[in-house]
Amino acid sequence: MLIGGVCIPLLTTPGVNGKYTFVEKYGTGPPNSTGAYELDVTQISNPSLAWRTMHVKTDVFCSASITLPDKVGRQINIGGWSGTSTFGVRLYWPDGSPGVPGTNDWQENVNELSLQQGRWYPSAMVMTNGSILVVGGETGSNGPPVPTLEILPRPPGAGTVYCDWLQRTDPYNLYPFLAVLPSGGIFVAYYNEARILDERTFATIKTLPNAPGAVNNPGAGRTYPLEGTSMLLPQYAPYTAPLGILICGGSTIGAAIALDNCVSTTPESANPQWTLERMPSQRVISCMTALPDGTFLILNGAHQGAAGFGLATSPNLNAVLYDPSKPVNQRMSVMANTTIARMYHSEAILMQDGRVLVSGSDPQDGKNPQEYRVEVFIPPYLLQGRARPSFTIANKDWAYGASIPITATLRNGGPARVSLLGAESSTHGNSMGQRTLFPAVSCGGTACTITSPPN
């Protein structure tokens, strides 16, 4: 365990200031909660300094979050549980630094900035032009579906775009998995379906085959409430290979039998198909985190059930490492177990030191506790006794395809390897903003040059 917590988070995000933001139910959560906190892991020995109290004005229960692509790494939170909170757009400008408390707080004024339609359980994604795409959801508090998408900030004269595929698959498409595709277009996976949208009109330009589910139920789903977890597979310079999508776990409608497999595809391929791989165990309401060596950590969740209060049983305490560099069906390795059940409303995000921050669990099942404790998982690369490399980057404002000089001290021999990871916001099996890139790098002594990715 890392530290005792002060909230039961619904969503966690790493900050550009080296700290970690936690948001939880506000108004429907504990009566003394302010709805938001920030964790400084350099102050773990003194919990009163480690946790900074922050504030939200409306209930962020089952909202979406992403980190904006600006120099200050602003965080934006979208949607909520009921009333005006479902229209909410909240912004936080991270400040302070490790060991130095910040003073900024979440800003929100629904009368100045809001969604066009209220949304509970939406997904959000930064588009290539910097706009924010918001997809799906419900009107709030188990209300009717919102089968539309919209753009933030709202373009002049623009409205929402109706999506018949969201209407048709309701209610099994909430928190859909989104991705910008390198060749153009937007990938979206929902329920057991997937398609590519035109990034300008949002019309469907390709429909993928349905993803396979269980052996006895091919109609099993992958998104809330049949909640699996998804990642974009690493991209390597010169970025000629199509982007891979990985989705693990999920459940069936009705009997809620958790899935014991992952599926992957390359949507940009001429004839994309799904590849199925068995996991070591069944898993639903789980999380997945991208690691800097190109592997993925699958953890949290249950062996049976679906997402929602009291709807899952048998905590899955085991972590699994997925290595996409290995042959299909040889990619999963069983890791360590935890003693803390991480059920519905749990999260996992990568820390700046390479560990994984694990938090949350709000099952309300009468068996497993609402979980305040925060853990860390230590991946294999931190357990091999190797000295850590060190590096200095003077220029942090990169152009596409530019040569970026850095100073690096490589202590273990072998060629240098650099990875760039998007800042993720973890909630409900969705890691909004996640992406892993391995750019070209060359070194002569301590002087290295990174070639930044192309547009």
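**The disulfides and their surroundings**

Guide: C248 and C262 are joined by a disulfide, with an S to S distance of 2.1 Å, the term standing for a pair of cysteine sulfur atoms within 2.5 Å. This is a predicted model, in which local features need pLDDT of at least 70 and side-chain atom pairs count only at pLDDT 80 or more, whereas totals for chains, interfaces and linings use all residues. Residues are numbered from 1 along each chain as its sequence is written, and side-chain values use heavy atoms, with hydrogens and water left out.

The link of C248 and C262 is right-handed, with 110° about the S-S bond. It connects distant parts of the chain, 14 residues apart, since C248 lies in strand β18 (residues 245-248) and C262 in strand β19 (residues 261-265); strands here are DSSP runs (E, at least two residues), numbered from the N terminus. Both C248 and C262 are buried, a word that means under 20% relative accessible area, with exposed meaning over 50% and partly exposed in between (1.4 Å probe, protein chains only).

The structure holds two disulfides, and the other joins C443 to C448 with an S to S distance of 2.0 Å. The link of C443 and C448 is also right-handed, with 110° about the S-S bond. C443 counts as partly exposed because its relative accessibility is 37%, whereas C448, at 3% relative accessibility, counts as buried. When the bonded cysteines of the chain are numbered in sequence order, the pairing is 1-2, 3-4. C62, by contrast, is in no disulfide, and the nearest cysteine sulfur, that of C287, is 13 Å away. C62 counts as buried because its relative accessibility is 1%, and C163 is buried as well, with a relative accessible area of 2%.

Among the strands, an open sheet of four has the order β21-β22-β25-β26, with antiparallel pairing, where two strands pair if DSSP finds at least two bridges between them. Because β21 (287-290) and β26 (332-337) stand at the edges with a single partner strand each, one side of each is left without a neighbour in the sheet. The twist averages 25° from one strand to the next, taken between axes that are lines fitted to C-alpha atoms, with angles running from 0 to 180 degrees between N-to-C directions. Within this sheet, β22 (residues 296-299) and β25 (residues 318-322) pair over three bridges, and L297 has L321 in β25 as its bridge partner.

Another antiparallel pair, β12 and β13 (residues 186-190), is held over four bridges, with F177 opposite A189 in β13. In this hairpin, which has five residues between the strands, G184 takes a positive phi near 105°. From β12 (residues 177-180), F177 and A179 point one way and L178 and V180 the other way, and all are buried.

The largest nonpolar core has 29 residues, and I78, Y121, I132 and I285 have the most contacts inside it; such a core is a set of buried Ala, Val, Leu, Ile, Met, Phe, Trp, Tyr and Cys residues joined through side-chain atoms within 4.5 Å. Strands β5 (64-67), β6 (75-78) and β9 (132-135) each supply at least two residues of this core. Leaving aside residues up to four places away in sequence, I78 touches, among others, L115, I132, V134 and L152, a contact being heavy atoms within 4.5 Å. A second, separate core of 16 residues includes M127, V135, I151 and L178.
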